Amino acid sequence: MAKGTAAIEVARQAVELAKRAGAEQCDAYMRMYDESEVTIRLGETEKLVEAGSRSLGLRVITGGRTAVCSTADLSEESLERLARETVELARISAPDEYAGLPSPDDFARASTNGLQLYDERLGSLTTEEKIRMAKACEAAAFAVDSRITNSEGATVTTRSG
């Protein structure tokens, strides 16, 4: 299952659990990212970071009362607890006459076709390729003038989410 598809299924599960726990309205959002940072200084790898994160936020509205909670633990047990506790928090929060989810008719309908918002090659870059890219950047700076003998380094950073 692709990352995006898995994220949608986790969000759907959280919404269903919140409804079962008593939510009148609810929505969920997933945050997912992978990042990498390579810093080369004087031709040597100075810093190498590879990290990722996954989390889910759940908004519950019941009786005109709203609560929003989030978790990075996406296990079924954690999602059940998150749904239950978010509904409980909503029930004790102050009512808001304007609380509620927007109508689907209010959502923008924009197409991203042709905008080239993401370069698929980013996800296929290996750590070794990123190191080579950073080394090439620093080497290009040194090649400009023989008087350049020191560098604060060159960094290649990628992040997708």
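## Salt bridges

Glu 35 and Arg 159 form a salt bridge in which the closest N and O atoms are 3.6 Å apart, a salt bridge being a side-chain nitrogen of Lys or Arg within 4 Å of a carboxyl oxygen of Asp or Glu. This pair links distant parts of the chain, with Glu 35 in strand S1 (residues 25–41) and Arg 159 in strand S4 (residues 154–160), 124 residues apart. The model is predicted, so local features need pLDDT of at least 70 and side-chain atom pairs count only at pLDDT 80 or more, whereas totals for chains, interfaces and linings use all residues. Residues are numbered from 1 along each chain as its sequence is written, and side-chain values use heavy atoms, with hydrogens and water left out.

The structure holds 9 salt bridges, among them one between Lys 47 and Glu 37, with the closest N and O atoms 3.2 Å apart.

## A charge over a ring

Arg 159 also lies over the face of Tyr 33, at 3.8 Å from the ring centre; the rule requires NZ of Lys or CZ of Arg within 6 Å of the ring centre and within 35 degrees of the ring normal.

## Nonpolar cores

The largest nonpolar core has 18 residues, where a core is a set of buried Ala, Val, Leu, Ile, Met, Phe, Trp, Tyr and Cys residues joined through side-chain atoms within 4.5 Å, and buried means under 20% relative accessible area with a 1.4 Å probe, protein chains only. Its largest share, 6 residues, comes from H1.

A second, separate core of 5 residues includes Ile 40, Ile 131, Ala 134 and Val 156.

Methods
Buried means under 20% relative accessible area, exposed over 50%, partly exposed in between (1.4 Å probe, protein chains only). Helices (H or I, at least four residues) and strands (E, at least two) are DSSP runs, numbered from the N terminus.
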